[in-house]
Amino acid sequence: MKKERPLRGRGGTANFPSVISGAKSEDISRCLRNCLTFYGLPIVRDDEECRERLYWFFDTCEKTGQLPTVEKMVMALGTIKQTVWNWEQGIGCSQVRMDLIKKAKGFIASFESEMVTEGKINPVVYIFRAKNYFGMKDQQDVVLKPESPLGDKVDQARLESTIVQELPDPGDYGAD
């Protein structure tokens, strides 16, 4: 006899309601059309063309109702993600281009943050994207500052005196 699984909770069949159960052919076609809008563009030649292409990218996403993603932004710039990552780090480009890329990625991060806050993007997906594209991470920084309560230079006689004073009185434990 097969045990029925609960709807919610441990082993629940509906714990993750946003799981893709199967893409419909019209969804696949729409997503392909969206990506093809940006695929095949030549690489931007200079900072001004980069600026114009980014504005065009965001404007196109707004007009067509597409989600602006880092992946599509990379295609819109006519290059690959490693090149855009280099630009973001200031490698092989001007300060202007580095700032343009950082600002565009910040725009996408802000957009995705708002969408997840409004419940339009699955939080797990957002967490993954935020860590992989926007530099967010699960981390706590703990700063240890070594201190010596007895000061920098410890006098041996003073240390021995302090230890003796801190020792319990043997009479407290019933010792003879």
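## Close-up views of a predicted model

A search of the whole structure turns up 10 salt bridges, a salt bridge being a side-chain nitrogen of Lys or Arg within 4 Å of a carboxyl oxygen of Asp or Glu. The model is predicted, so local features need pLDDT of at least 70 and side-chain atom pairs count only at pLDDT 80 or more, while totals for chains, interfaces and linings use all residues. Residues are numbered from 1 along each chain as its sequence is written, and side-chain values use heavy atoms, with hydrogens and water left out.

View 1. Helices (H or I, at least four residues) and strands (E, at least two) are DSSP runs, numbered from the N terminus. Asp-27 is partly exposed at 30% relative accessible area, and Arg-30 is partly exposed too, at 38%. For these labels, buried means under 20% relative accessible area, exposed means over 50%, and partly exposed is in between (1.4 Å probe, protein chains only).

**View 2. Asp-138 and Lys-131 meet in a salt bridge.** The N to O distance is 2.6 Å. Asp-138 is exposed, with 66% relative accessible area, whereas Lys-131 is partly exposed at 36%. Elsewhere, salt bridges that share partners join Arg-45, Glu-49 and Arg-53 into one network.

**View 3. Ile-28, Leu-32, Leu-36 and Tyr-39 make a nonpolar surface patch.** Together they have about 450 Å² of accessible area, computed by the Shrake-Rupley method with a 1.4 Å probe; for residues, only the protein chains shown count as cover. Patches are made of residues with over 30% relative accessible area and no salt bridge, with like charges joined within 9 Å and nonpolar side chains (Val, Leu, Ile, Met, Phe, Trp, Tyr) within 5 Å. One of the members, Ile-28, lies in helix α1 and is partly exposed at 43%.

**View 4. Helix α6 (residues 123-133) has Tyr-126, Arg-129 and Ala-130 as its buried residues.** These lie on the same side of α6, because they cover an arc of only 100° around the axis, taken from the directions from the helix axis to the C-beta atoms. Val-124 and Phe-128 are exposed on the other side. Among the elements covering the buried residues are α3 (70-76) and α5 (95-117). At the N-terminal end, Asn-122 caps α6, with a side-chain oxygen 2.7 Å from the backbone nitrogen of Val-124. After α6 comes Gly-135, whose phi is positive, near 75°.

**View 5. Met-73 sits in helix α3.** Met-73 is buried, at 0% relative accessibility. Leaving aside residues up to four places away in sequence, Met-73 touches Leu-54, Phe-57, Val-84, Ala-104, Lys-105 and Ile-108, where contact means heavy atoms within 4.5 Å. The C-alpha atoms of Met-73 and Ile-101 are 9.5 Å apart, with the two residues 28 residues apart along the chain.

Technical notes
Polar contact = N/O pair within 3.5 Å; in protein donor to acceptor, adjacent residues only side chain to side chain.
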